[in-house]
Every structure is written in C-alpha cells, then in structure tokens.
Amino acid sequence: MASGCKIGPSILNSDLASLGAECLRMLDSGADYLHLDAPCSSGRSVFYMHMMVSRPEQWVKPMAVAGANQYTFHLEATENPGALIKDIRENGMKVGLAIKPGTTVEYLAPWANQIDMALVMTVEPGFGGQKFMEDMMPKVKEVFGSGVHWLRTQFPSLDIEVDGGVGPDTIHKCAEAGANMIVSGSAIMRSEDPRSVINLLRNVCSEAAQKRSLDR
Ligand SMILES: O=C(CO)[C@@H](O)[C@H](O)COP(=O)(O)O
Ligand SMILES: [Fe+2]
C-alpha cells in the first residue's frame, strides 16, 4: 500500500522573505510535508523538493546538502532518468518523478518500480493559482492496453501526488482517482484557517482510500 494520505502545502505562493515562518505556520497547521517549488535551505522538517528546472542533474547534491528529504524531477527534463534516480538515492533522498500535462503515463510506467512517488501535474508547471485540469485524472487511473487499470492498482505501493489547482473544490476528483499525496498552494496559503483546509483535504483523501480498500 502507498504510505497513507498526506497533505503538502506548496510554498511557491508564499512570501519568500518569510519562508521559514511560513513553513512553521504550515507545520503548526498540520501539514504532513512541505512541497517546495523553489530551492532553499532547510531546518529539520520534511522537505520535498519539486524541481521544475531544465537540468535537474546539477541540483541533486546541493539539495541533499540543504537537507531535502525527497527530490522530484520532471521526466521531460532529462535524457537519462535511470542515472538521475541512482544519483538521488546515493545522495540519501527519496525519488519523485513528475510528468507534465502533455506527457502520458506510459513514459512514466517503466520507472515506477524504481521511484517512491509519481507526480501527475494538474497544471502546466510554473506558478500557483492556476485552474485544476480535471482531464489529468485518467492518468492517475491510467488505461493500459485494452483494459482500464488504475495506476494505483498497477503500482499499489507507489505514492501518487497531484499538484496544481487542488483545494476543497477539486480534492474529491483527485481522491477518487487514487491520488494519496496532495499538494495544495493557494487554497491553503490564502486561507485564514489553513488547519481546517488541511484537515478537509486529508479527510476526503483518507475516506476515498478507505472506500477503495473495502471495494477490493
Ligand atoms: O508546482 C506548482 C506549480 O507549477 C505547484 O506546486 C503550485 O505552487 C501549486 O499551487 P496551487 O496551484 O495549489 O495554487
Ligand atoms: Fe509544485
């Protein structure tokens, strides 16, 4: 099984001058991990880096030294995903592999057994506050060959993350599709009560996961 439902506020939208304080505010509000879209140094929290960069190879060591726990790179950004996965592991981090809206899951599938997390982007990477792309949900449920199989069923222990436009209005789609790691930027960061948004996202996600396990 995947590692349970986890909510990771995206810090991309926050005031970068007060990054540390924002991270603490999110952890105090119940965040399971922090999804960082910009390189930064860390204290001792759970930092999952989303590297939207063109040469992800060059940032592995600096991110490891800065204390990142997971390094997610874009499949489209490298010619040698296998070597990069190996390098990330050798630098003591977990591995995330992201695909942009235009990339199908068949490109990700060959690597699925070597990574800790697949990230299905639900907006074009770049900035927060964009509209959720519901038509990405079939990727989480992926169609293989002639039959329909959920990515979740194909790789039951794989964490599947969604990122972009996810909040109280869109979480149900993600949870029903089988995502268990939920990145949410504006919906959490702009809320006056981030704790209640985080709880809501986690509850919807957990309920869907429970329902799936009962249906099995
Ligand atoms: O990677 C990205 C955007 O490219 C995200 O992590 C966003 O920062 C999420 O913000 P919202 O879409 O939830 O506002
Ligand atoms: Fe992100």
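Start by selecting H35 and ligand 1: a polar side-chain atom of H35 sits 3.2 Å from an oxygen atom of the ligand. Keep in mind that this is a predicted model.

One of its polar backbone atoms is 2.8 Å from an oxygen atom of ligand 1. Next, click on G185, where a backbone N or O atom lies 2.7 Å from an oxygen atom of ligand 1. How much of ligand 1 does the protein bury? Taken alone, the ligand exposes 380 Å², and the protein buries 99% of that.

You'll find 20 residues surrounding it, and the closest are G126, D163, G165, G185 and S186.

Next stop: helix α9, residues 194-215. Try the distance tool on its end C-alpha atoms, which are 32 Å apart. That agrees with what you'd expect, because 22 residues at 1.5 Å a residue should span 32 Å.

Which residues of α9 are buried? Select P194, V197, I198, L201, R202, V204, C205, A208 and R212. Look down the axis of α9: these buried residues fall within an arc of 160°, so they line one face of the helix. An α-helix has 3.6 residues a turn, so residues three or four places apart point the same way.

Now color the face turned away from the buried side of α9, which carries the exposed residues E207, Q210, K211 and L214.

Last, see what covers the buried residues of α9: among the elements to select are β1 (6-9), α1 (19-28), α7 (171-177) and β10 (181-184).

Key
Residues numbered from 1 in each chain as written. Chains lettered and ligands numbered in written order. Predicted model: local features only at pLDDT ≥ 70, side-chain atom pairs only at ≥ 80, totals over all residues. Heavy atoms only, no water. Helix = DSSP H or I, 4+ residues; strand = E, 2+ residues; numbered from the N terminus. Expected span 1.5 Å × (residues − 1). Buried < 20%, exposed > 50% of the residue type's maximum accessible area, 1.4 Å probe, protein only. Arc of directions from axis to C-beta. Contact = heavy atoms within 4.5 Å. Near = heavy atom within 4 Å. Polar contact = N/O pair within 3.5 Å; in protein donor to acceptor, adjacent residues only side chain to side chain. Areas by Shrake-Rupley, 256 points an atom, 1.4 Å probe, with all protein chains shown as cover.
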